[in-house]
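Hi,

Here is the structure I said I'd pass along.

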Amino acid sequence: MLAAIAQAAIFELTGEDYDANQQEAWAARFDDEEALAQRLGDRLTLVATRGGEPAGFIALADNRQIDLLYVHPTVAGEGVAALLCDAAEKLAAARGAKSLTVDASDTALGFFQKRGYVPRQRNTVTLGDVWLGNTTLEKSLTGERAAG
């Protein structure tokens, strides 16, 4: 179910920033649901539900990085991602994290910047023979400006 949310988000929400080949390569990372389950099991994973069904999820790696954040396109713009980020940020801070980083897609870049994440570097991710651009951002959880 979470793999389907990620793939739907990639195909339906990222078209202004990534072409069809990039979307296909990115979405293919979620074809192996067993590998995704392992990845999510190794991280603090929170799932938001609407009407008893998963609507989005976030995975926090090593209490320092937002590893995955996806919401179903039918609830995009309704605050589900913000709710998930709020919870992850509070949990990370309560566990002693001073800041959080995220490698945000071009589609999610503005969302994270509005939440106080500061761009640190531009990245190129290679998936097979396709590349995607993203940006590493950081947010201080202590009220201070994130170091960097």
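**Salt bridges and charges**

Asp-106 and Arg-122 join through their side chains in a salt bridge, at 2.6 Å from N to O. Asp-106 sits in the loop between strand S4 (99-105) and helix H5 (109-114) while Arg-122 belongs to strand S5 (residues 118-127), so this pair ties together parts that are 16 residues apart in sequence. Asp-106 comes out as partly exposed, with 23% relative accessibility. Keep in mind that this is a predicted model.

Both of those residues also turn up around Asn-134: leaving aside neighbours within four places in sequence, its contacts include Asp-106 and Arg-122, along with Asp-103, Gln-121 and Asn-123. Asn-134 itself is part of strand S6 (residues 130-140), and it is buried, at 12% relative accessibility.

In total there are nine salt bridges. One of them pairs Arg-43 with Asp-67 (2.7 Å, N to O). Arg-43 is in the loop between H3 and strand S1 (44-50) and Asp-67 is in strand S3 (residues 65-71), so here the parts tied together are 24 residues apart in sequence. Arg-43 is partly exposed, at 26% relative accessible area. Another salt bridge joins Arg-64 and Asp-62, at 4.0 Å from N to O, and both of these residues are exposed. There is also a network of salt bridges linking Asp-86, Glu-89, Arg-115 and Lys-139.

Last, the surface: Glu-24, Asp-31, Asp-32, Glu-33 and Glu-34 form a negative patch. Asp-32 lies in the loop between helix H2 (20-28) and helix H3 (33-41) and is partly exposed, with a relative accessible area of 43%.

Cheers

Note on methods:
Residues are numbered from 1 along each chain as its sequence is written. This is a predicted model: local features need pLDDT of at least 70, side-chain atom pairs count only at pLDDT 80 or more; totals for chains, interfaces and linings use all residues. Side-chain values use heavy atoms; hydrogens and water are left out. Patches are made of residues with over 30% relative accessible area and no salt bridge: like charges are joined within 9 Å, nonpolar side chains (Val, Leu, Ile, Met, Phe, Trp, Tyr) within 5 Å. Accessible areas come from the Shrake-Rupley method with a 1.4 Å probe; for residues, only the protein chains shown count as cover. Lys and Arg count as positive and Asp and Glu as negative; His and the chain ends are not counted. The place of a charge is taken as NZ of Lys, CZ of Arg, CG of Asp or CD of Glu. Helices (H or I, at least four residues) and strands (E, at least two) are DSSP runs, numbered from the N terminus. Buried means under 20% relative accessible area, exposed over 50%, partly exposed in between (1.4 Å probe, protein chains only). Contact means heavy atoms within 4.5 Å.
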